[in-house]
Amino acid sequence: MADMWNPLLETMDRRELEQLQVKKIRRLVRWSIDHVPFYSEKFQGIDPASITTLADVQTLPTTTKAELSSVQSRDDTLYGELLAEEATNVATYHQTSGTSGEPIKQADSRRDWEWWATNWATVLWAAGIRPEDRVFIPFSYNVFIAFWAGHYACERIGAEVVPGGSFSSEERISIIDHLSPTAMMTTPTYALRLAEVAEQEGLTPADTTIERIVCAGEIGASVPSTKDRIAERWGAVVYDHAGATETGAWGYDCGEGDAGIHFNESMFLVEILDPNGRPVEQGETGRLVVTPLDRRSQPVIRFEQGDHVVKGPTSECPCGRSYRVAPGGVLGRADDFKLVNGVLLSPRAIEDVIRGIDGLSDAYRVVLAEHEEKAIDVATVIVEVREGAPDRCEQITTELQTALQRASGLTFRIEIQNQGSLERSELKAERIIDTR
Ligand SMILES: [Zn+2]
């Protein structure tokens, strides 16, 4: 059995686990009705004592991002009617990136912040981070929560943490070279970008001391060919994690083959629902609804995460955890999909194809535009050929066209440029440009 942060919880008997979840959510609903004006109003007429099974939980209404945003814009206070405690109890401020609308402002008390660190310690411990590790975080964390939480979780574990904000990529490579960190926390996009900069600086990333990379912020680390690419470039083991500002770090990678991510079910209730709001069967894909069971300052109950996952099995992972698995991790947000000539295009599927082709750099773009003459859409994939492979352009074009057609059912125009032509991103990349 794998070494775990909390073996008692992570291997809990499923029946006991469900009882624990029901008990926790009943307490959370009571707390929220009593202390959070938003839920006092939303849950009017609901008796927390009547919640005795998970089926009872499904009768509660879900909460959307749009609701949180509109509640916070209703009055002049920072957190609006989402805040439970007196403002003096808030210990940290963070906010969402605001990629889909106004950022949500998130309050956490000292107690809630400890809860974040515990959940991230679970993520990092499963990724093999131990007290003897030196963990480099090559980002300015700013008001974004994930790397702060990861930072504090390193301290909780007792690992040494090196904050890498406000440095250039070149300076960060120099830090890796001089401080010899054993692990790194980064977005998948930046892991690849940093590998490219290392090479430009005359360093082979696989020869550095980095042994483990924990990814956050994007779905990339669960896209098989991207995960393989990061692992190969850095000569490191790559772990995915899943979470959000509103809900916390609810999913983690145990590193067992192609397991995907486990839901941290003693701390979160994770539901996977069909379009009618009913739980999907095992093996089916559904939308994620997440409840952080122990957060109190600004709680959310049954939050519509906007992501899709496959409902995998429980208690079957070789790591020995009883927590349910989502094979392949987070599949992407429903609003990430693009409708092209009547076909739903999955950015994840496109990425998996491109990253699987030899001879290409890690940067790419997909441009969706109207056809010059006909009333149809044109999808163009722009890739960069790696230095040393320019004579393979024709072959790469054919390979890409065939693989993209197979993966998406669509015909793509392919444009090949020299390495370094596309703009590089330092955090998350916007790779699909829709000009229609
Ligand atoms: Zn596992």
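These legends describe close-up views of a predicted model.

**View 1. The largest nonpolar core.** This core holds 93 residues. Leu-124, Val-135, Ile-213 and Val-214 touch the most other members. Helix 6 (residues 110-126) gives the largest share, nine residues.

**View 2. Surroundings of Val-135.** Neighbours within four places in sequence are left aside here. Val-135 is in contact with Ile-129, Cys-154, Ala-159, Glu-160, Val-161, Val-162, Pro-181, Ala-183, Met-184 and Met-185.

**View 3. Strand 5 between strand 3 and strand 6.** Strand 3 (residues 134-137) and strand 5 run parallel, joined by two bridges. Strand 5 also pairs with strand 6 (residues 212-215), again in the parallel sense, over four bridges. Met-184 stands opposite Ile-213 in strand 6. From strand 5 the chain passes through helix 9 (residues 188-200) to strand 6, a right-handed β-α-β crossover. Strand 5 (residues 183-186) is covered on both faces. Ala-183 and Met-185 are buried on one side, Met-184 and Thr-186 on the other.

View 4. Four strands are ordered 8-9-10-14, with antiparallel pairing. Strand 8 (241-244) and strand 14 (325-326) stand at the edges. Each has a single partner strand, so one side of each lacks a neighbour in the sheet.

**View 5. Strand 8, strand 9 and helix 6.** Three bridges join strand 8 to strand 9 (residues 248-252). Ala-242 has Gly-251 in strand 9 as its bridge partner. Helix 6 lies across both strand 8 and strand 9, running at about 20° to strand 9.

Technical notes. Residues are numbered from 1 along each chain as its sequence is written. This is a predicted model: local features need pLDDT of at least 70, side-chain atom pairs count only at pLDDT 80 or more; totals for chains, interfaces and linings use all residues. A nonpolar core is a set of buried Ala, Val, Leu, Ile, Met, Phe, Trp, Tyr and Cys residues joined through C-beta atoms within 7 Å. A residue is buried if 20 or more other C-beta atoms lie within 10 Å of its own, exposed if 12 or fewer, and partly exposed in between; C-beta atoms are placed from the backbone. Two residues are in contact if their C-beta atoms, placed from the backbone, lie within 7 Å. Two strands pair if DSSP finds at least two bridges between them. Axes are lines fitted to C-alpha atoms, for helices over the stretch in contact, and angles run from 0 to 180 degrees between N-to-C directions. A crossover is right-handed if, with the strands pointing away from the viewer, the path from the first strand over the helix to the second runs clockwise.
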